Amino acid sequence: MTVPEGFIVWSVLAPALILFGFALLTLLLAVFQQDRGFLAGVALTGIAGAAVFAFHLLMEAQHGVAESGFGLRYLADAHASALTLVILLGTALAVLVGQGTLERMRLDHPEYFPLLLLSATGGVVMVSAGDLITLLLGLEILSLPVYVLAAWRSDLRQSQEAGLKYFLLGAFASALFIYGIALTYGAGGHFDYANLMAAFSASGFEANLVALLGGAFLLAGLGFKVALAPFHQWAPDVYTGAPTPVTTFMSVVVKTAAFGALLRIAATVFASLEPGVFGGLLPGVLVVLVGATLIVGNLGALLQPGVKRMLSYSAVAHAGYLGLAVLAAGDRGMAAAGFYLAAYTLMNAGVFAALTQVMDDDDRGDGIDRFAGLARSRPWLAAAMAVCLLSLAGIPPFAGFIGKVLVIQGAFGTGHGFLAALAILMSIVAVVYYARVVVAMYFREPSGAVRTQPSRSRPVGAAIAIAVIGTIVLGIAPGLWYTLLDRGQNLLVFVAAR
Amino acid sequence: MISLLLILLPLVTAVVLLFVRTPVAVRGIALVGALITFVTATLLPGSAGLLTPWIPGFGAYLALDPNYAGGILALVASLVMLPTALWASLRVEVNPNRFLSALFAMWGGLMGLFLARDLVLFYVFWEFTLLPSLAMLAGWGGTQRRQATLKYLLYAVAGSFAMLLSVAAIRPLSGAESYLFVDLLAASETLDVLTQTWLFAGFALAFAVKLPLFPVHHWLVDFHEQNHPSGAADVAGALYKVGGFGMFAWALPLLPEGAVQAAPWLLALGAFTAAYAAVIAARQHHLKRLLAYASLSHMGLVAVGLFGLHLAGLSGAMYLLAAQMVTTGGMFLISGMLHARRGSFDADSYGGLASSAPALAATTLLVLFASIGVPGLANFPGEFLALLGAFQASSAAGVLALVAVIAAGVYGVNLYQRLYQGPEPTPVVDLRPLEVVVLAPIVAGTLWLGLAPAPPLRAFQADASVTVRQVQQAAARAEPLAAFEAPAVTEALAAFEGAAVNEPLAAFEEVER
């Protein structure tokens, strides 16, 4: 691997810039061109363009020429490029779902696509950040469009509430995050990770307590975004209240971006703190958060009568499994998390996409009765939903299983066997609530009172197909993706070791 | 390559069947797929295995070894699956293509499960096979199918997830190079007794559910009672009782110290399961429930053989596992044929069928006798060796297990009497030509495993000796935890050197000659 040189490296910035450019372009085009399909096509073109560059960077990172811009403040190593691709995938799926459902839901405002692209731009910046200020910028760019999107259905109280709640708590989280940046800066005297690592690992470093407080606040700020308990309270309400296409986006892209940033910080900056009383404290806090998330998310999901709300809690639960990978930190943990996030993006977006085909136009009617007999009335939809749910439950041969094995192996490798056991115990609970939907689809007779949504949308069908095929392919041939993650090295760790 | 083909052929057939609707085409494809798969299975012994990286960096390989004990089980399972697929294509009326698709998916999954020599791959097949098995019960089961499916799902998943924990943990904890059996075996020494015991417990829970053993067997009876009346899904279920194989192939050799700690308890459970199930079987009126309990009793004997941790018992357990695939599978097929004639599984509503259906009666008698362990037929060598192993470990367990063998005679002969003897209410049709074709492989398998036990036994013994060596080394290395001290096992180990081990094999070789 070579150490990158140069300040402004356009190829490194390309994915984010292309997304940003296409966000502006779709916004501009929306003034003249009301055709939704056209705008979606433009958005998808932008995503594809960004993906080409991200894939190129990922391939370069494989061969040891990871690049970065602005010194080491904007990174394009394997971790950053891979998660950029995952974010792009999640965004593309959300674009397809939105294109297929917004009109029917009477939510058809042309700003949907530019807002998605802008938010994705923020996500890409977050996973590429090598500097706390860059990260903060990414976080805000990611969040602002999502606040608007969550309140997309302005005539529905739940959606308004979702937007407001997400905004207030998000602002609070940002404040915590900024406070964490301030403390970390106070401890290390730098904003960029590379210098912070050097400062923290230098002999004679004495501001351990301040650094730890900084780390705790950063963790709390990002913990909000990924919905780690006890910072998860907003998640079920917001995910449920927001229109389902928006939930699709939020549950996968926001989570990927925030976890990407969290993993990076955990594996570099705070891994440089001297182990011992202080160094061990931060992982200790994380262990408690992860354990609580696993319990709250899974038991919460078990108690929900509505399927969308159940899936909202299940999204919280998956933050817990990903937390295991953060604990494992290092290259292994990052590779495991990179795989898990890809699998999660596919299966979760797939299941939400399928949900839009069952629920009413006004985003109501997610009762389990709605799914009764779906296997008979729409066998393909039911099968796709079943695949995604089984994958979420971690049953082979689907991608979710491999992800689960990877993070659990990582947890054992770093001595968190107890937490791994808790994760598995909670997985058994998860099987119950996922199976409930499958059982309804395949066993129960459709009740006459409930009308099944007759809508069939081609773009949503495409999104579901991509998600299901991806879930199966990643489950059978996980090496295709995992090798790319595993071979790449963390650029900052490499530079620090030199 | 043959191994890979054997897994892929049924899976491809399963996918193709999903898209075929016309009954003739469904039958044709099922028949051709089954025949090709079976022929491939016969090429298995001695063929080359497969070893190629699957998830590089994670240490998982696509590793298949047809020459391990599992190869023989794969062959026998294919021998049973062939007539089962044929029978299902004749008897399943609602959505036969999907039913057959699930059946073929199970076939492929089972082949992978038996052939895999990488722990992660094994787990994937282990769990994958559950899905079609659930689908058959859920889609074509009886009126109580929902409850039966949920029960089966919960037991299976709770067990497998416990195993998943052990699977994920064993490599990082032992520091093995990969999840390949050989690498894990080499690294197993580094695990201390306590870790081994915990890991073994994870495996044991999963394997006990699928063996099944006494307290976690509740799913089994409902599973068989509720499955499709053709009995085809039951046969697949009988083949999927792979807990014993998992113990033999993975848990015992990899975690010998854990095995030594747990064996006495599991031995006792196995013996109790065997006796308990056999006694209950003798009181059953529902034909499938009776067969389910009989099969449970056989599985208790398998456990008894395994947890004696003795060469004869271990190889006998595998032999019994292979033999029960044929005999239990055959009995379920016959139950389906009886149901096709009378539309009932109530054993008491039959009687006197022997006079109008002598061929059916004769076949039943043969398979039933094999099932209850009559010498010269399939189950006997395995049962005998399993019991021998049990007696070496603990005579109390041996005696308890012997009750099962005696009770088997009672319920077996009694069942034959109830079905075929006595006054005949209404005559039935004797075996139709297609039914003869269906039962032919079963009869052949029964005779083959009964008359020529030496070659498979020798193969099983070669693999069992790895376990025995591991257990011996473990016993020599570690002091057992005081609370778990197991005199029975130590005695068994001492007896291992004795000549008793090789005598039965020699006897069978003579029989063969």
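This is a predicted model: local features need pLDDT of at least 70, side-chain atom pairs count only at pLDDT 80 or more; totals for chains, interfaces and linings use all residues.
**Entry 1: helices 17 and 19 of chain B**

I started with helix 17 (residues 358-371) and helix 19 (residues 395-420) of chain B, whose axes lie 10 Å apart at an angle of about 165°. Angles over 145 degrees count as roughly antiparallel, so helix 17 of chain B is roughly antiparallel to helix 19 of chain B. I noted the crossing of the two as right-handed.

Next I looked up who meets whom. Helix 17 of chain B brings Ala361(B), Thr364(B), Leu365(B), Leu368(B) and Ser371(B), and these meet Gly412(B), Leu415(B), Tyr416(B) and Tyr420(B) of helix 19 of chain B. Sorted by class, this contact holds six nonpolar and three polar residues, with no charged ones.

**Entry 2: where chain B touches chain A**

Here I found 23 residues of chain B in contact with 26 residues of chain A. On the chain B side, strand 1 (50-55), helix 5 (119-128) and helix 7 (145-174) each supply at least two residues. Helix 7 of chain B gives the most, with 12 residues. I then checked the classes on this side of chain B: 19 nonpolar, one polar and three charged.

**Entry 3: Leu110(B)**

My last stop was Leu110(B), which sits in helix 4 (residues 96-115) of chain B. Is Leu110(B) buried or exposed? Leu110(B) counts as buried, because 28 C-beta neighbours fall inside 10 Å and the cut-off is 20 or more.

Setting aside neighbours within four places in sequence, I listed the contacts of Leu110(B) as Ala77(B), Thr129(B), Leu239(B) and Tyr240(B). I also noted Ala74(B), 36 residues from Leu110(B) in sequence but 7.4 Å away in space, C-alpha to C-alpha.

Note on methods: Residues are numbered from 1 along each chain as its sequence is written. Chains are lettered from A and ligands numbered from 1 in the order in which they are written. Axes are lines fitted to C-alpha atoms, for helices over the stretch in contact, and angles run from 0 to 180 degrees between N-to-C directions. Helices (H or I, at least four residues) and strands (E, at least two) are DSSP runs, numbered from the N terminus. Angles under 35 degrees count as roughly parallel, over 145 as roughly antiparallel, 65 to 115 as roughly perpendicular and the rest as oblique. A crossing is left-handed if the near helix is turned anticlockwise from the far one by less than a right angle, and right-handed if clockwise. Two residues are in contact if their C-beta atoms, placed from the backbone, lie within 7 Å. Ala, Val, Leu, Ile, Met, Phe, Trp, Tyr, Cys and Pro count as nonpolar, Asp, Glu, Lys and Arg as charged, and the others, Gly among them, as polar. A residue is buried if 20 or more other C-beta atoms lie within 10 Å of its own, exposed if 12 or fewer, and partly exposed in between; C-beta atoms are placed from the backbone.
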